[in-house]
Amino acid sequence: MHVAIACPHAGRMSSPRLTRGRHSRQNAVYAVTMATHHRQPLFQTPALANVVHDQLHHCDREGISQTHAWVAMPDHLHWLFTLREDDLSACLRRFKSRCARAINTIRRVSGPVWQSGFYDHRLRDDEDLRVQARYVVANPLRAGLVADIREYTYWGCQWISRHAGFDDL
């Protein structure tokens, strides 16, 4: 089943050229959106969505990031995290590369998994991190995929229990 998901950033992931002259900040919080190549709904397949989850944790264990919230939609990923190094592009390049290798191994194919580029927003000091986390996790609800976040499998948030849903936040 192919589900078309509307994302405000669809079709306009930032070009790698746009990162020239941009500086990321260590210990800043970023909300990032990355789309799959040709918007393929790869993350409808549990094993492929689990790769994303595993690689987010891998980045955290390496000390590259500290994940606050994430959701793997069928054809894109939203990730809210604190960057623990000073190069956002390098962090995302590593993440995407490792995901692509694992996903291609599972699918027994080769080729791109992700669109080049990404959309990012660095949270200002006065933005509420928990509000942003709730916004990230609520994507399946806004897209009409589920009526209750507990019905969706591929998300995580450090402040929200998978069993209690938004009641925790």
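Apart from its neighbours within four places in sequence, Thr67 is in contact with Leu56, Asp60, Trp79, Leu80, Phe81 and Gln158, where contact denotes heavy atoms within 4.5 Å. The model is predicted, with local features requiring pLDDT of at least 70 and side-chain atom pairs counted only at pLDDT 80 or more, whereas totals for chains, interfaces and linings use all residues. Residues are numbered from 1 along each chain as its sequence is written, and side-chain values use heavy atoms, with hydrogens and water left out.

Thr67 is found in strand S2; helices (H or I, at least four residues) and strands (E, at least two) are DSSP runs numbered from the N terminus. With a relative accessible area of 15%, Thr67 is buried, the classes being buried under 20% relative accessible area, exposed over 50% and partly exposed in between (1.4 Å probe, protein chains only). Two polar contacts involve the side chain of this threonine: one of 3.0 Å to the side chain of Asp60, and one of 2.9 Å to the side chain of Trp79. A polar contact is a pair of N or O atoms within 3.5 Å; within protein, one atom must be able to donate a hydrogen and the other to accept it, and residues adjacent in sequence count only if both atoms are side-chain atoms.

The secondary structure comprises four helices and five strands, arranged along the sequence in the pattern β-α-β-β-α-β-α-α-β. Of the 169 residues in the protein, 50% are buried. Among contacts between residues at least 6 apart in sequence, 67% join residues at least 24 apart.

Phe81, a contact partner of Thr67, is found in strand S3 and counts as buried at 0% relative accessibility. Not counting residues up to four places away in sequence, Phe81 touches Ala28, Val29, Tyr30, Val32, Ser65, Gln66, Thr67, His68, Leu88, Cys91 and Leu92. The C-alpha atoms of Phe81 and Asn27 are 9.3 Å apart in space, with 54 residues separating the pair in sequence.

In soluble globular proteins, nonpolar side chains tend to be buried together. A nonpolar core is here a set of buried Ala, Val, Leu, Ile, Met, Phe, Trp, Tyr and Cys residues joined through side-chain atoms within 4.5 Å. Among the 47 residues of the largest such core, those touching the most other members are Met34, Phe43, Trp79, Phe81 and Phe95. At least two residues of this core are supplied by each of S1, H1, strand S2 (65-73), S3, H2, helix H3 (129-137) and strand S5 (155-157). H2 provides the largest share, seven residues. Phe95, with neighbours within four places in sequence set aside, is in contact with Met34, Val52, Gln55, Leu56, Cys59, Leu77, Trp79 and Trp114.

Helix H2 has 20 residues and reaches 28 Å from its first C-alpha to its last, close to the 28 Å expected at 1.5 Å a residue; the expected span is 1.5 Å times one less than the number of residues. At the start of H2, a side-chain oxygen of Asp87 comes to within 3.1 Å of the backbone nitrogen of Ser89. The buried residues of H2, which include Leu88, Cys91, Phe95, Cys99 and Ile103, pack against S1, H1, strand S3 (76-83) and S4. Leu88 is 32 residues from Asp120 in sequence and 9.2 Å from Asp120 in space, C-alpha to C-alpha. Asp120 lies in strand S4 and is buried, with a relative accessible area of 13%.

Two packed helices are described by the angle between their axes and the distance between the axes. The axes of H1 and H2 come within 9 Å and cross at roughly 145°, axes being lines fitted to C-alpha atoms, for helices over the stretch in contact, and angles running from 0 to 180 degrees between N-to-C directions. The H1–H2 crossing is right-handed; a crossing is left-handed if the near helix is turned anticlockwise from the far one by less than a right angle, and right-handed if clockwise. Residues making the contact include Val52, Gln55, Leu56 and Cys59 of H1 and Phe95, Arg98, Cys99 and Ile103 of H2.

Two arginines have positive phi values although they are not glycines: Arg39, at about 55°, and Arg108, at about 60°. Arg39 is found in the loop between strand S1 (29-35) and helix H1 (46-62), and at 16% relative accessibility it counts as buried. Arg108 follows H2, in the loop between helix H2 (88-107) and strand S4 (119-122), and counts as exposed at 78% relative accessibility.
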